[in-house]
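The following note sets out some points for a colleague who is looking at the model.

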Amino acid sequence: MKTNNRARIFFAIPFVVFLIMFVLFPLLLLFYFAFFSGDGFSFEYVKNFFTDGSLQILLNSIIIALITAVICIALGYPVAYILAQSKAKSAPIILMLLIAPMWVNGLLRAFATKQLLYAVLGSNLQTGMGTLIIGLVLDFLPFMIMPIYTVLKNVSSKYREASADLGASPSQTFASVTLPLSIPGVISGFLMVFTPAVSTYYLSEYLGSSKTYMIGQQLNDVFNASFGKYGRGSVIAIILLLVVAMSVMATNRLSKIGNQRGGLW
Amino acid sequence: MGQLMKEATITQIRGANSNSKKGLEKIIELKNLVKVFDKETVVDNVNLSIRKGDFVTLLGPSGCGKTTILRMIAGFETPTSGTILIEGKDITAVPPYKRNINTVFQKYALFPHLNVFNNIAFGLKLKRIPTTDAERATKKYKNMETRLLTNAEIKQKVNDALKLVNLADYGHRDVESLSGGQQQRIAIARALVNEPRVLLLDEPLGALDLKMRKEMQAELRRMHRELGITFIYVTHDQEEALTMSDVIVVMRDGVVQQVGSPKQIYDEPVNAYVADFVGESNIIPGKMLADLRVKFLDREFVCVDKGFDKNEPVDVVIRPEDIEITDTGAQLSGEVISSVFKGTYYDLTVIANNYEFYVKSYKDYESGAKIGLKIEPNGIHIMERESLINEYRTSVSGDSVLIGGKEFTVANLNGFENGDEVIAKIEFSAVELTDDEENGIVGGNIASSIYKGTYYQVKVWMDNDTALVVDTPDEWDDNDRVGILIKPENITLSPVPQKEDDADEDE
């Protein structure tokens, strides 16, 4: 027993060292930069966040990410549903094709999306909210389809049969059995789209405009502009971390209310 | 108090069905029903009438097609051909949600996102009932032919159903917090609350332990008796079928073997398969000497069967409890091999005339004891024998014949030459089965196995759908893969007859 424990500790050491060096230490550094200016402990940078327009940028980013997530649900759910129901042998292949773009480098994808939009909408296209959201949806749709597909695949046909047996038409069965049982997948998908969308950088850089300036860009610009002075950037990073943590906690809570395990976490 | 409440509940649920007299009309008719899955015929031309109010059990081993029949009645499977009638109306193409039939599923299939109350209320919330004249006069239901149930009505019915299954205070509970037995009761309540014309039950007690199963059997019998709804019950448990049913339908390989009351099925099985599947039996090869006289184990016995050909080979079925142990008037003398106490009786194994008998006895005997056995005429059940020898019409190729697509070498060609059409015969006992199919001339699957007292009669499907019957001392499980060996000297060839004549097998 004791040797076993010792062995466990031994094998855990490299990872713990890694965690301390590259997660814990930078995090502490972040907090140091955020709360210590030249004159010691202060809330100056935090105050700045609320007065220099960063808050508005964050709220805009949250709205853009929410719109993206909702559009992804609207587009992704039917696709996941059709694929999960399909008995065709091609269904897994189609699913793989939908996921395939994720294998391509993200920056390349953003660049390609822009070129594609130029080709379709004309070269005098003004990038802005519309193009940004198209880009975000294109980029993150597979993350919505996958968890919904997985959950729908696992909703046993016995529940649909039981529903039909009790007198529910196919549409009533969908509304009162299939849809409620697939909610955990939708929640997982929402999180998987919202989280990266809210902090995206390169997509808003390529496909947005000054009106869609997002918190990721702000983060980049603030760090670049103030070499050696990381206070403002650190505050933004910490607040972004909190937003993501809070959305994870909120969706976890929702999943539990739904009383169903499912999705990706 | 509890009993009173239960009775009130029952009258209410019975409602729609109470005006129908049991046993007068057919509620379900299956006509030439066939279901083929991936080229495999699972249900093979089944014809069956089910009377209103009966408790009908479809009995058979797994894969015999019983569940497929149930699923076709429910509407989850579409028949490949044939029709299903309910109360005279063809419903073959009607989707399940439009059929007034409810199912209790094998693994309950309770909705995990709904609590007990809402599971049971599921069907009620969708149901529309005709409005009364008084209701049509009100503003709410003006000119409406049908209406949904009100919340109060739903609540009343759900609570009645909960009382019916003895779970009165469980409405608010989460279904996953209930035990298997409780979930089963909720599944029954969820189906019965809709007042179906027919209740289908797909091995509903399979997942419960023995004690719970016995309890639920009694509960289901009570509900059936009190509600008057037609129950169609699927099980592979012969004891369950015998204790619960009005009518048993014994099935094998998609074909109905026998339909009858439990007593008929048990006392007068139509063939050795039914006899073997329903209860323990001694199955002995014999020969009809004349009407009411049968010979087996080198002794003559008086029986109650007639109408067989003189000297026709038959299977004799004797139930263990029909064998009397006696000193006076014994017909066979045997030696006790073993005795196992079964609570109220002893299961004896007795060897008599080289046959291993199962005998039920209220008295214990030591092994080695010599006892006399006596069988009354009505304890002897005579069954037609299905076949006596493997017979294939084939052709000679070199020094072998083709059986099941493979060449089997023949020792004595009996003057036949290459290409000649012949009948090849192989005795059941001349076939050898091997564990390793590589060792056989051809591979095959065990289709069925019936114990005949001293040997097993096994049916094997060879790999291109040729059947072979084998008598073997070894026990094989259904679907076992085996190799098939036939020694060259055990294949006899004869000319193709002009006309089939029943060769009298004589000693």
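1. In chain B, five strands make up an open sheet with antiparallel pairing, in the order β27-β31-β28-β29-β30. Strands here are DSSP runs of E, at least two residues long, and helices are runs of H or I of at least four residues, numbered from the N terminus; two strands pair if DSSP finds at least two bridges between them. β27 (431-434) and β30 (466-472) of chain B are the edge strands, each pairing on one side only. From one strand to the next the twist averages 45°, with axes fitted as lines to C-alpha atoms and angles running from 0 to 180 degrees between N-to-C directions.

2. This is a predicted model, in which local features need pLDDT of at least 70, side-chain atom pairs count only at pLDDT 80 or more, and totals for chains, interfaces and linings use all residues. Residues are numbered from 1 along each chain as its sequence is written, while chains are lettered from A and ligands numbered from 1 in the order in which they are written.

3. The edge strand β27(B) pairs with β31 (residues 481-486) of chain B in the antiparallel sense over four bridges. Leu433(B) has Ile484(B) as its bridge partner in β31(B).

4. Chain B comprises domain 1 (2-266), domain 2 (281-384) and domain 3 (389-495), with bounds from an automatic or database domain assignment. The C-alpha centres of domains 1 and 3 of chain B are 46 Å apart.

5. Between the chains, 17 residues of chain A are in contact with 17 residues of chain B, contact meaning C-beta atoms, placed from the backbone, within 7 Å. On the chain A side, α7 (157-165) and α8 (170-198) are the elements that give two or more residues, and α7(A) supplies the largest share, six residues.

Conventions
Contact = placed C-beta atoms within 7 Å.
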